[in-house]
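Please look at the model below.

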Amino acid sequence: MSSAVEDVVIVGAGLTGLLLARELHKKGRRPVLLEKSRGAGGRMSTKRVEGAVFDQGAQFFTARTPRFAAEIEAWCEAGVAAPWPDGAPYRYVGRPAMNAVGKHLSAGLEVRREAKVLAVKRNAEAWEITVENQPALHARELVLTAPVPQSLALLAAGDVVLPADLAAELRGLDYHPCLALMLTLAETSALPAGGLAPDDGGPVRWIADNTKKGVSPGTSSAVTVHLAPAFSEENYGRTEAEVLALVSPLITPWLGAAVTGVAMHRWRYSEPKTRHCEPCVWRPDLRLGIAGDAIGGPRVEGAATSAFALADRMAGEGSSAREVGT
Ligand SMILES: Cc1cc2nc3c(=O)[nH]c(=O)nc-3n(C[C@H](O)[C@H](O)[C@H](O)COP(=O)(O)OP(=O)(O)OC[C@H]3O[C@@H](n4cnc5c(N)ncnc54)[C@H](O)[C@@H]3O)c2cc1C
């Protein structure tokens with residue numbers, strides 16, 4: 001093995017990967033994050049369309065556990081998060097937009113962007129990580145934080161065989177898709193500042209005005225619409241114009257102004273349908289960790305829970321992670 005063996009490589013610079021990397025860094029480790037996108041933050045993402053700004057994934061995050069609450073307090077002090085504008089308890093938003101959190105957490109870490117991992121292989125001494133259009137990396141320890149089906153595909157591509165019970169559990173974890181419409185309006189919308197979650201079993205899961213939320217500048221509105229799992233599944237292949245035409249009769253009263261622009265993001269892995277029975281997976285025999293919201297619990301806070309649990313496990317301090325093969 002060459003001397004260029006990294007201490008620990010983390011695949012994915014979403015919240016799980018970033019928080020884990022920071023925790024490991026505090027403990028004197030030297031994590032390298034590989035992220036396929038141009039930016040960090042994963043599903044805590046923000047999109048700019050012709051001057052309008054949209055939080056297109058996570059809309060807000062909650063802080064119910066003391067460790068994550070302390071983390072959010074630090075984000076607020078750094079000016080990259082703030083309480084949700086309508087004063088709902090425990091709810092926070094990214095400032096000036098959701099992607100500020102990922103940018104903030106990346107500072108001081110080695111995050112290699114546009115580094116898409118294609119396969120991970122366990123050799124005798126280390127992990128070999130194949131990255132698209134780049135030289136392979138080697139690492140003593142490896143952590144996968146992409147949505148679980150994507151992480152399993154990386155292991156399969158490197159012929160890594162997990163114990164049958166763990167593999168079956170992980171294969172059983174799936175996610176709902178979500179179509180996210182981003183609409184620019186001619187004027188201010190009729191939506192409340194805190195957004196709306198209709199909860200009526202219909203196609204609209206969530207609708208919020210990024211201008212009223214303080215994310216998008218100006219007075220004309222920039223509205224994010226998240227479509228419900230069943231609707232998103234059924235209409236996943238449709239164009240943005242087709243999707244807008246289908247939901248227009250429902251959302252027009254909330255918008256209260258003409259739509260002047262439409263964009264759409266297709267989230268294949270939006271929220272986990274089920275979750276793993278432990279907050280993280282750590283295999284000491286393989287020096288392999290798996291973490292994320294389908295492991296630690298849904299949403300941003302679940303991703304943080306998984307990252308903290310794995311950091312403790314890897315440092316040998318915690319007892320909450322599952323250890324197999326020791
Ligand atoms: C539409 C939508 C709405 C949501 N709303 C909320 C909400 O209001 N509140 C809330 O708390 N949560 C919400 N969530 C969920 C929340 O965003 C996630 O739970 C959380 O961000 C997951 O973080 P993560 O780091 O585990 O995963 P991710 O954010 O998915 O990070 C994984 C990272 O891995 C990268 N990656 C994947 N494959 C590879 C590869 N092969 N090579 C390199 N990198 C790779 C990805 O690009 C990504 O950056 C929402 C999610 C979506 C999609």
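The sections below take these topics in turn.

## The model

This is a predicted model: local features need pLDDT of at least 70, side-chain atom pairs count only at pLDDT 80 or more, and totals for chains, interfaces and linings use all residues. Residues are numbered from 1 along each chain as its sequence is written.

## Two domains

The protein is divided into domain 1 (5–173 + 274–323) and domain 2 (175–272). The bounds come from an automatic or database domain assignment. The domain centres, taken over C-alpha atoms, are 27 Å apart. Domain 1 gives 24 residues to the contact and domain 2 gives 25. Residues are in contact if their C-beta atoms, placed from the backbone, lie within 7 Å.

## Around the ligand

The shell around the ligand has 37 residues, and G12, G14, G42, R43 and R299 come nearest. A residue counts as near if its C-beta atom, placed from the backbone, lies within 6 Å of the molecule. Each domain supplies at least three residues of the shell. Helix α9 gives the most, with four residues. Helices (H or I, at least four residues) and strands (E, at least two) are DSSP runs, numbered from the N terminus.

## A helix pair

Helix α1 (residues 15–26) and helix α9 (residues 299–314) have axes that come within 8 Å and cross at roughly 35 degrees. Axes are lines fitted to C-alpha atoms, for helices over the stretch in contact, and angles run from 0 to 180 degrees between N-to-C directions. Among the residues that meet are L15 and L19 in α1, and V300 and A303 in α9.

Definitions and conventions: Contact = placed C-beta atoms within 7 Å.
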